[in-house]
Structure formats: C-alpha cells, structure tokens
Amino acid sequence: MAFADPITCLAAPAAWLPEGLFVDGVRILSRWDVLVDGAAPTPVSSHRAGASSAVFSAVAAGPELTVVCRRLAEPMGGTETITLSNAADVPMTVTVTVLAEALASARIETTPPCAGTPLTWTAEVPPRGSWQVEARITRTDIPPTARPKRFSTLRVTADDPRLDALVRAGVQDLDALRRTAGPDAYYSTSSPSHLTLSPREALWAARLALPLGHDVAAGTLRLVANAITADLASLFTATRDAAIRWGMPPDAAPPGPGSNPAPASNPAPAGTSGNSADPAAVVGDRASVFGGADAVSEGAGSRGADAVSVGADAVFPSADAVSEGAGSRGADAVSVGADAVFPSADAVSEGAGSRSADAGADADSVGGDAGSRGAEAVFRGADAVVGDPAAAVADLDAVFGKLAAVFRDTAVVFEDPSVAFRTPAVIADLLAAAERLDYRLPTFDGTASARPHACGAAIAPAILIALLGLDVDVPGGRITFDPLTPSPVGTFRVRGLKIADGLLDATLTAGGTLTVHNGPLGVTFHNADGSPARIA
C-alpha cells in the first residue's frame with residue numbers, strides 16, 4: 001500500500017490497513033502502489049490525521065518533486081488523494097501510475113478520469129505549482145452504510161500533553177468504530193480487518209466509554225440482551241446499572257439475567273465517596289462468572305466504607321504473591337497485590353496499600369510497606385523498546401494480559417472499572433505505552449496486534465474517571481469527586497464529559513484543587529468528604 005507504512009485508518013465497517021482495504025470483513029483492495037515515472041517515491045514521513053485518515057509524504061524525480069498521498073477510510077471503502085508539488089522554477093511532466101488489485105465488487109473512480117489498467121496519468125506540474133488526482137474505492141455488493149456524525153466532544157488539556165493526545169485518539173477511534181444495527185449503536189470490535197459485534201468486548205467498551213454518553217451502552221445492551229450467557233450475566237448487569245447511574249433511562253435497555261430493574265441511587269453520607277456497593281450483589285453467581293476461581297478474598301468487604309482485597313491467586317492463578325491485607329482508596333479503597341498486576345515488578349505490597357489525603361509526599365508509593373513500579377517501569381525492562389515499536393507491543397502483550405485478568409476476574413472492577421487505573425504508576429505506564437504506540441493502546445486482553453481496538457480506545461476516558469475519582473449517581477442527584485492527589489498528569493481541565501443530558505467541565509490542579517465550571521442539571525457536586533465541590 002502507500003509507501004508500505006503501517007498506519008490503520010478506520011471508518012466502521014471499513015478499515016484501510018497496510019494489508020489492504022477491508023469493508024465488512026472482506027478485503028476489496030489488496031494492492032495500491034503509487035509510482036512516478038515507473039519508480040516508487042522515496043518515503044519521507046507519515047502520520048495519522050485522525051482515526052480515519054492519514055498523510056504519506058515522499059519525494060520523486062529529485063528533491064524538487066514531492067508526492068503526498070492523503071488517505072481517508074469511509075464506511076463503504078475509501079478515498080486516496082495524490083498530490084504532486086513542484087518546487088522548481090520550470091515545469092515538470094511525469095507519468096503517475098497506480099498498480100491496483102481489487103475485487104470485482106470494488107468500484108474505482110478517479111478524478112481526473114482514467115481508463116484502462118494500470119491506472120495511469122500524464123501529470124503536467126507547473127513551476128511552483130501542483131497536480132492532483134483523487135481515487136475513490138467503493139464496495140458495491142452490500143447495502144450502503146452512512147458515516148455516523150461525530151458524537152462526542154470530550155477533550156482534555158493537561159500539563160502532560162500525552163493525556164491530551166491519548167484522549168483525543170481514543171475519542172476519535174471510538175467514533176470511527178461505532179456501528180449501528182437499526183436504531184441501536186455499538187462499538188465494533190474483533191480485529192480491524194473484521195469489525196463486528198462481540199458481546200463481551202462491546203459491553204466492556206460501552207462500560208468504559210460512558211463519559212462519551214450512555215446512548216452506545218443502551219444500544220449495546222439491547223443488541224446483546226438475548227445472547228447473554230452465564231459468564232456474561234454480571235458484566236451485562238454491571239454495564240446496565242452503571243449506564244443508569246450515568247443517566248440512561250431504566251427502560252432504555254432490558255434487564256439482564258439477575259439484574260435489578262433499576263438500581264437504587266446511592267447518596268453518599270459525609271465522609272464517604274458514595275460508592276459502597278456489595279460486591280456479592282455485583283458479581284451474582286461467582287461460579288458462573290469466575291469458573292469457580294476464588295476471586296474475592298475471604299475478608300473482603302465493599303468498596304467505599306469497607307475495603308476490598310483481591311488476592312493475586314484470584315486474578316492470576318500462576319502468581320506467587322498474595323496481598324494479605326485490605327487496601328484503601330482515600331480513607332477506604334481497593335487493594336490489588338503489586339505482583340498480581342505486574343509479576344515482573346520487584347516491589348510487592350505486603351500489607352495495606354493506601355491512597356490517603358497526605359499521599360502527595362510520595363505519589364508513587366503505596367502504603368508504608370509497599371513499593372511501586374516507577375512511571376516507565378513497564379518498558380524499561382527492555383532497552384530495545386524505545387527504538388523498536390515491535391518490542392513495545394510485545395511488552396504490552398504481557399502487561400495488558402495481566403490487566404485482562406483483572407477485568408475478567410475482579411468483582412470490584414465490575415462495579416467501577418476505573419479502579420484498575422487508579423494508581424499514578426499505572427497511569428504513567430499507560431501514557432508511556434501510548435506515546436510509543438501512536439496513542440492507540442491495545443485491548444486489555446493482551447492482543448496488541450488488534451490495534452486499534454474499542455476496548456483499548458475506551459481506556460482513555462476511563463483514565464479520566466480515575467484521575468477525577470468521579471462517582472456519578474444521576475438517579476440520586478449527586479456527583480462526587482475523589483481525585484488522585486497530587487495529580488500524576490499535573491493540572492488538567494476536562495471538557496465535554498457527558499453525564500445524562502449535560503456536559504461536565506472541571507479543572508483539577510496539580511496539587512489536587514478541584515473546580516467545577518459546568519455540569520448537568522439536576523445534580524449536586526460534592527467532594528469525597530461530603531462537602532460541596534467548588535463551583536466557578
């Protein structure tokens with residue numbers, strides 16, 4: 001394909017990969033080679049211009065003639081615009097050829113038109129001027145699919161620009177991966193070459209991406225309700241309950257197996273975060289969800305006033321380390337053993353992990369006896385990672401494989417997935433990973449080759465929830481903040497975070513001062529101790 005660059009452009013159900021252009025799982029274009037005077041241009045640079053577009057730059061016939069290919073994936077195929085620019089003071093005449101191999105069901109139209117094979121034009125490029133051809137490739141043997149309009153304005157401005165880039169890429173990819181079945185929307189998953197509905201992954205993506213709005217969660221729940229198996233019952237119920245708390249009308253999605261028709265609101269008493277649910281109620285039938293694994297330690301209580309301890313053997317049966325004590329979040333929270341999440345880490349929390357109000361003295365420590373992985377610990381085990389993206393992906397396969405186990409087997413995560421990202425070291429590791437992978441994180445099941453993926457893209461909004469410590473309870477008319485302090489990304493401002501029918505706009509300073517600038521109507525804003533949040 002264009003200059004053999006490994007950039008993926010998405011517009012579900014289409015994906016333009018280095019291996020070709022796929023539409024609804026069928027590769028309609030397997031070759032697209034651009035030649036100038038019979039030779040391939042020399043690549044200079046390439047970059048994504050969004051989830052569905054990319055720009056490839058090269059030089060041909062000397063440095064005076066540049067070739068820029070602008071690629072755009074569209075639901076029924078794609079468009080490539082080839083522009084030749086002449087920096088010389090004399091005109092240039094060259095032959096532009098595109099060697100294309102496409103299925104009979106793929107229609108190729110060009111402007112200016114070209115008849116015959118291969119596609120060939122005589123380009124007369126004026127001095128200090130340009131020449132351009134546009135090619136449109138469309139699959140014609142299936143009903144047309146319209147490109148959905150942009151559906152989220154979620155964005156962030158942070159002292160750490162990697163958070164901005166990760167959120168921007170995540171929102172764009174989720175937009176590009178969104179498909180509809182009748183009136184219902186869902187995030188297509190599987191591999192980029194076959195974007196389809198996978199109930200487990202679609203539910204997780206909708207759950208993590210609630211800050212973009214509850215409409216996709218409602219559509220996903222309706223679409224998969226009749227296909228829910230025992231192992232997905234708790235995930236279905238947790239996704240539905242969470243969507244209701246974020247403002248989805250209870251009758252917008254059918255109750256799943258064992259779910260409550262409408263979860264009760266959870267007003268927070270003073271001194272709590274308002275999120276103390278009973279894990280047993282969230283998990284339901286442990287044997288059906290965890291396959292009999294001892295996923296919750298015997299002494300675990302609830303998240304909120306009581307602490308939850310997840311043993312390493314429950315999360316990673318092969319892990320040797322077990323967190324003996326309960327951890328805490330703020331005054332009370334969740335403890336996941338350090339070796340359970342990252343078996344290669346040297347530091348293990350032997351006792352209670354905590355994130356207390358005075359944790360700012362050492363944001364990367366966890367409790368008095370705990371060690372932690374530093375901001376770049378996920379990657380610094382291999383020196384080749386920085387210069388070798390493949391090494392970064394291989395390392396991510398291991399890291400996200402462990403994260404996947406947390407998502408599959410931890411009762412607390414069903415209640416609030418953001419707890420999986422609620423440590424400064426984990427956020428720093430994910431930002432370091434994102435920077436190396438063009439801000440397209442893999443899904444948390446370890447399949448880094450499937451990037452971009454809806455679950456990986458949805459990690460970005462989930463990180464924002466973790467940073468803000470956001471507990472949304474629209475039925476109870478209450479939004480509570482328990483931010484990570486000090487902020488591991490410095491001062492940041494979040495805009496366009498969708499709650500019910502409104503948009504949250506809030507700032508958190510590096511030292512932990514929260515200000516709400518705007519938000520949904522009909523709710524009150526509170527700090528974790530029950531005091532009113534600062535409004536400006």
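The model is predicted, so to speak of local features we require pLDDT of at least 70, side-chain atom pairs count only at pLDDT 80 or more, and totals for chains, interfaces and linings use all residues. Residues are numbered from 1 along each chain as its sequence is written, and side-chain values use heavy atoms, with hydrogens and water left out.

I begin with the cysteines. The number of disulfides, meaning pairs of cysteine sulfur atoms within 2.5 Å, is zero. Cys69 has a relative accessible area of 0% and is buried (under 20% relative accessible area, with a 1.4 Å probe and protein chains only). Cys455 is also buried, at 1%.

I turn now to the helices, which are DSSP runs of H or I with at least four residues, numbered from the N terminus. Helix α1 spans residues 161–177 and helix α12 residues 424–436; their axes lie 10 Å apart at about 70°. Axes are lines fitted to C-alpha atoms over the stretch in contact, and angles run from 0 to 180 degrees between N-to-C directions. The two helices are therefore roughly perpendicular, a term for angles of 65 to 115 degrees. In contact, that is with heavy atoms within 4.5 Å, are Arg162, Leu163 and Leu166 of α1 and Leu431, Ala432, Ala434 and Glu435 of α12.

Which residues of α1 meet α14? They are Leu163, Leu166, Val167 and Gly170, facing Ala460, Ile463, Leu464 and Leu467 in α14. Helix α14, residues 459–468, packs on α1 at about 130°, with the axes 8 Å apart.

Notes
Buried < 20%, exposed > 50% of the residue type's maximum accessible area, 1.4 Å probe, protein only. Parallel < 35°, antiparallel > 145°, perpendicular 65-115°, else oblique.
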